[in-house]
Amino acid sequence: MSNSNDQARILIQLDPDKHPSVFDRVVAVDAGVDHLFSYGNVTPDDVQALVHGAIFTRGPEALRNTAVFIGGSSMEQGEALLEAVKSSFFGPFRVSVMLDPNGSNTTAAAAVLRVLEGMNGKIQGEDAAVLAATGPVGRRVAMLLAHLGARVRVGSRQFSKSAALAESLAESTGKVFLPFETSSDEALTEGLDGTEIIVSAGAAGITLLPFRVLEKRTSLRVAIDLNAVDPSGIEGVKPHDKKAQKDGYLAWGALGVGSLKMKIHKAGVAQLFETNDKIIDALQAFELGQKLG
Ligand code: NAP
């Protein structure tokens, strides 16, 4: 019993994957949850019954002690579960919800906070490029950078994928995104021309930006590589780099960003139990990170 009203904190983990994420379970325990109810293979059709079990068992005042966490490895599936959860609420019968498939929101929030740090807090009007922006992490990084006023380019190995992503992001945010291709040195050089900020959000163990292209980036001020698995996503940026001074720019590697990501994730779960009406998505994770420093 560790919260107001002497009721245990219950976190209901909804995961579209077969096995509810162990990572998310460990963080929930470390964030002070008393009981964790974990469900795998969850589809939007399953959600209403699960949510009703959560909202009809405790009085409205005590519902702050129950919350939902949506994880899994797919942002699309996670977003569909979030919509189903929100549609199952009515009036005061609701609980707080956090969305973080594959750590995408908390990782993107931490990465963008490091970008801001490296840019002395000013990215309005600056040119930023996200490599492998098509993944759940990259997509959220691009969205947050645009929210802060940067001019964002989104990269993919296939131009058609980056163009589709740019369109979808524009639709959901009302901002403009410029697609570019990353499949050859020539395309990458052209796509990164004049960028002050590069965030690499590619799959683990894949180099997306080789040194021979990186060394020509004279405008670069901040580089963030979110891949922790050797070889680096940005050649020359190491996983432990944390505001490391490179040749003309500051760099953070995956582990250099990861400690803030973990703080945001834990604080997000803890915050769910403050009231019963919070929705913690990318922007809220970013705002939480701003307070954590
Ligand atoms: P993801 O979905 O696995 O991959 C992102 C993108 O990488 C894909 O959309 C794809 O883009 C590209 N890609 C995939 N396979 C590739 C290959 N063989 N060669 C080149 N490109 C390839 O990644 P994610 O879940 O968004 O995560 C992004 C990165 O963040 C990962 O490295 C992950 O480990 C890391 N991460 C770090 C933290 C942290 O705290 N530091 C936390 C979570 C995740 P295209 O097909 O469009 O090119």
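**Exercise 1. With which residue does glutamate 79 form a salt bridge, and how far apart are the closest N and O atoms?**

Solution. The model is a predicted one, in which local features need pLDDT of at least 70 and side-chain atom pairs count only at pLDDT 80 or more, while totals for chains, interfaces and linings use all residues. Residues are numbered from 1 along each chain as its sequence is written, and side-chain values use heavy atoms, with hydrogens and water left out.

Step 1. A salt bridge is taken as a side-chain nitrogen of Lys or Arg within 4 Å of a carboxyl oxygen of Asp or Glu; glutamate 79 pairs in this way with arginine 140, the closest N and O atoms being 3.0 Å apart.

Step 2. Glutamate 79 belongs to helix H3 (residues 75-88) and arginine 140 to helix H5, so that the pair links distant parts of the chain, 61 residues apart. Helices (H or I, at least four residues) and strands (E, at least two) are DSSP runs, numbered from the N terminus.

Step 3. Burial is judged by relative accessible area (buried under 20%, exposed over 50%, partly exposed in between, with a 1.4 Å probe and protein chains only). Glutamate 79, at 30%, counts as partly exposed, whereas arginine 140, at 5%, is buried.

**Exercise 2. Characterise the lining of the largest pocket.**

Solution. Step 1. On a 1 Å grid over the protein atoms alone, a pocket is an open set of points where a 1.4 Å probe fits, with protein on both sides within 12 Å along at least five of seven lines, and lining residues have an atom within 4 Å of a point. The largest pocket is lined by 40 residues, and Val137, Ala201, Gly202, Ala203 and Ala204 lie nearest its centre.

Step 1. Helix H9 (254-271) is one of the elements that supply at least two residues of this lining, and the largest share, five residues, comes from H9.
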